[in-house]
Amino acid sequence: MQARRGSEALDSAGRKPGFLAKLSRRGAGKLRLIHMSSESVIVTVRLIRSFEHRNFRPVVYHNVNLDQTVKEFIAFVKKDITSRTELLPPFRKYTYDTMKIIHQAHGSKTNELVVSLEDDDRLILEEDSTLKATGVANETELAFFCMDDYRKYKTNPVATW
């Protein structure tokens, strides 16, 4: 049974149902997850300013379309971060050019504090592929960084703090 408050539909507990998924009861108290949309997800982008100093800021994006190419998503994020006032100028003006998968929901995490230095061929996103084809899914965390800085750090992965 749904109640209405203003123009919002509420469930029996008075909560607004989520746009990505909802829970339904089936059988003897078992919960089943029903996906409302498989194409629009939440993605966290970690803007990495410095690998050596472990200087990064996460930015959360809602309703990300997985059918867009990585190149289109990079262009969107670049344009978006320049207008975000909550980010300090060094993060807004930095030259980011590469995205890499850091973590996916229900997966294992690396011990590296900034980004894993392994599996580049599998985890670095190819610009011509779609986000879905590269393995991005709901609640994926991506690193966004300058590839030249990453290569320098990879040859000598020492933190300065």
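Student: Which way do β5 and β8 run, and how many bridges join them?

Tutor: β5 and β8 run parallel, and 5 bridges join them. Two strands count as paired if DSSP finds at least two bridges between them. Helices (H or I, at least four residues) and strands (E, at least two) are DSSP runs, numbered from the N terminus.

Student: And what kind of model is this?

Tutor: This is a predicted model, where local features need pLDDT of at least 70 and side-chain atom pairs count only at pLDDT 80 or more, while totals for chains, interfaces and linings use all residues. Residues are numbered from 1 along each chain as its sequence is written, and side-chain values use heavy atoms, with hydrogens and water left out.

Student: OK, back to the strands. What is the strand order in the open sheet of 4?

Tutor: The order is β6-β5-β8-β7, and the pairing is mixed. β6 (55–65) and β7 (98–103) are the edge strands, each pairing on one side only.

Student: How do β5 and β6 pair?

Tutor: They are antiparallel, over 9 bridges. Val45 stands opposite Val59 in β6, for instance. The two strands form a hairpin with 4 residues between them, and Arg54 in that turn has a positive phi of about 55 degrees.

Student: What about β7 and β8, parallel or antiparallel?

Tutor: Antiparallel, with 5 bridges joining β7 to β8 (residues 140–145). Met99 sits opposite Phe144 in β8, and His103 stands opposite Glu141.

Student: Which residue of β8 is the bridge partner of Leu47?

Tutor: Phe144 is the bridge partner of Leu47.

Student: Why is β8 called largely enclosed?

Tutor: 6 of the 6 residues of β8 are buried, so the strand is largely enclosed by the rest of the structure. Buried means under 20% relative accessible area, exposed over 50%, and partly exposed in between (1.4 Å probe, protein chains only). Both faces are covered: Thr140, Leu142 and Phe144 are buried on one side, and Glu141, Ala143 and Phe145 on the other.

Student: Switching topic: which strands does helix α1 lie across?

Tutor: Helix α1 (residues 70–83) lies across β5 (40–50), β6, β7 and β8, at about 120 degrees to β6. Axes are lines fitted to C-alpha atoms, for helices over the stretch in contact (heavy atoms within 4.5 Å). Angles run from 0 to 180 degrees between N-to-C directions.

Student: How many helices and strands does the protein have?

Tutor: The protein has 4 helices and 8 strands. Of its 161 residues, 35% count as buried.
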